[in-house]
Amino acid sequence: MQLRNIKGRVSLATCSLLQVATPLAQAEGSDWDIDTAFLYYSESDNRVQAAEPAIYAGRNLGEDNRIDLRLVVDVLTGATPNGAHASTVPQTFTTPSGSGSYTTPAGETPLDDSFHDTRVAGAADWTISLDRLSKLILGINASTEYDYMSAGISAKYTRDFNNRNTTLTAGIAYNNDTISPVGGVPIEFAPMVQQNLPLNRDGASETKTISDFIIGVTQIVNRKTIIQLNYTFGLTDGYQNDPYKIVTVVDPVTGLPTLPAMAATGDLPYVYEKRPDSRQRNALFFNSAHHLTEDVIHFSYRYFWDDWGINSHTLDLRYRYQLASSYLMPHVRYYSQDAADFYTHNLKLGTDIDAATGTVSKQYASNDYRLAKSVTTTLGLKYGIPLSNNSEISMRGELIQQAISNDGVPAGEETPDLDALVLQLNYSLTW
Amino acid sequence: MRSVLLLTIVTLLAGCSSMGVEPWERDLLAKDSMQLVPDYFDNFYDEHIYFSKEASSGGQGVGGGGCGCN
């Protein structure tokens, strides 16, 4: 889902102008734009830590044609919530491989710390000038990590109108992803079992396909303002469970994790989650840049809705404060989402799950905090300084706080807020 | 439905045609700082982080690949 827009053609309505601004590069077609970056991402409470170096290289091939390449490595370690909620008693879980276990003390949100992965992702875009006003951008992308592989293709068409003050965009993308969970694919709503017992797994891997469509218009309003409005529609078909997430089964009176009467020896009072195998996503996205005397304001808003019951609003504001030869850019982001229809704190014995047989009566259930009602706020600051006419170095720090709604959740079982720190270093060069 | 869509597009384009600048007025718009996405990698990382932590995605573009984000 990452953005495919590449520096230099992000604002398509001004693409031709950029080339006017660099006539030599256009004429020779030999300049490479190189961007390198390093991201350090750290969540509080020893949760996910990530180091992510990346490189982008783009080159004009002449006549408005260009090629853009990207390579990213993502090294992840740390602990992640397993889906069970905190309890007034200690809770013991089995690791995904089935060969180990871990115990969470009373009052703490259970985290699986066996999580570590390295992801390598690459992408290439080829921009083909069809005529003076229209372009076709063809893209391929692929990524691989220990338990996940993704490969995709995309095509985007853009055309300028109104003396190149208006650009219409239409595009499609298709991705095919394969997930191969550690220990195999969990059987939906089957119980987690104690370590070294036969796991409730079925098969080694599952797949899903992701189809995305975009239509958009970019408009130059006046000498100081450019705006963009996009609509994107996405359809995901196939396996969309998080295979490492479970849901706690509780006694409706005591609230403690409890097994149904017919539980097999070694069963634990947690079942693997189950989500729909189809999802339709929609987003309306407004973006703008406005030039003041020296400074620039960037503002965007996105309204998102899907057929899982999630609605969200995203507001993003960046202010580029121009100093003598460098700049500061404060950043504020606000995000708010509703819960998915099937988001559930737990499954209650006797109502959600048969007290005798353990059969779950709900169609779907997940306690993944990412599907909960939540608010994310981000505050950041960036400092950039040109080193010469053709290179720039910048750094930024961001603080992210995600507050998960605990409406209706009993005391002692709340999902804690997530705090994360982002540190990033960029170096860009044209040569 | 089609006629509504057509009408919307025509209205939009008609509205757009009254906006805009002449070629010699594009000095500010041509600056790097006036790109709709101010920094390629800032945006790339942000999209990746929030895709991993929130249930929403899309709006800016299509394609780009998935991840088994935990």
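Two residues are in contact here if their C-beta atoms, placed from the backbone, lie within 7 Å. Keep that in mind as you click around this predicted model, where local features need pLDDT of at least 70, side-chain atom pairs count only at pLDDT 80 or more, and totals for chains, interfaces and linings use all residues. Residues are numbered from 1 along each chain as its sequence is written, while chains are lettered from A and ligands numbered from 1 in the order in which they are written.

**Stop 1: the helix from chain B**

Select residues 40–53 of chain B, which form helix 2. Helices (H or I, at least four residues) and strands (E, at least two) are DSSP runs, numbered from the N terminus. This helix has 14 residues and reaches 20 Å from its first C-alpha to its last, close to the 20 Å expected at 1.5 Å a residue; the expected span is 1.5 Å times one less than the number of residues.

Is helix 2 of chain B mostly covered or mostly open? It is mostly covered, with 10 of its 14 residues buried. A residue is buried if 20 or more other C-beta atoms lie within 10 Å of its own, exposed if 12 or fewer, and partly exposed in between. Among the buried ones are B:Phe41, B:Phe44, B:Ile49 and B:Tyr50. Now show strand 1, strand 2, strand 21 and strand 22 of chain A: the buried residues of the helix pack against these.

**Stop 2: the largest nonpolar core**

A nonpolar core is a set of buried Ala, Val, Leu, Ile, Met, Phe, Trp, Tyr and Cys residues joined through C-beta atoms within 7 Å. Select A:Tyr41, A:Ile226 and B:Phe41, which touch the most other members of the largest core, a group of 30 residues. Helix 2 of chain B gives the most to this core, with 6 residues.

A second, separate core of 16 residues includes A:Leu268, A:Tyr270, A:Leu347 and A:Ala365.

**Stop 3: strand 1 and its neighbours**

Strands count as paired if DSSP finds at least two bridges between them. Strand 1 and strand 22 of chain A pair in the antiparallel sense over 11 bridges; find A:Ile34 opposite A:Leu429. Strand 22 is also joined to strand 21 of chain A by 12 bridges, again antiparallel, and there A:Leu429 is the bridge partner of A:Ser391.

Stay on strand 1 of chain A and click A:Glu43. Why is A:Glu43 called partly exposed? Because A:Glu43 has 19 C-beta neighbours inside 10 Å. Beyond four places in sequence, A:Glu43 is in contact with A:Val48, A:Gly78, A:Leu418 and A:Ala420.

**Stop 4: an open sheet**

Four strands of chain A form an open sheet in the order 10-14-13-19, with mixed pairing. Strand 10 (191–193) and strand 19 (347–348) stand at the edges, each with a single partner strand, so one side of each lacks a neighbour in the sheet. Strand 13 and strand 19 pair in the parallel sense over 2 bridges, and A:Val249 stands opposite A:Leu347.

**Stop 5: the whole interface**

Zoom out to where the chains meet: the contact takes 89 residues from chain A and 46 residues from chain B. Strand 11 (residues 206–222) gives the most to chain A's side, with 9 residues.

For confidence, the predictor gives the complex an ipTM of 0.90 and a pTM of 0.90.
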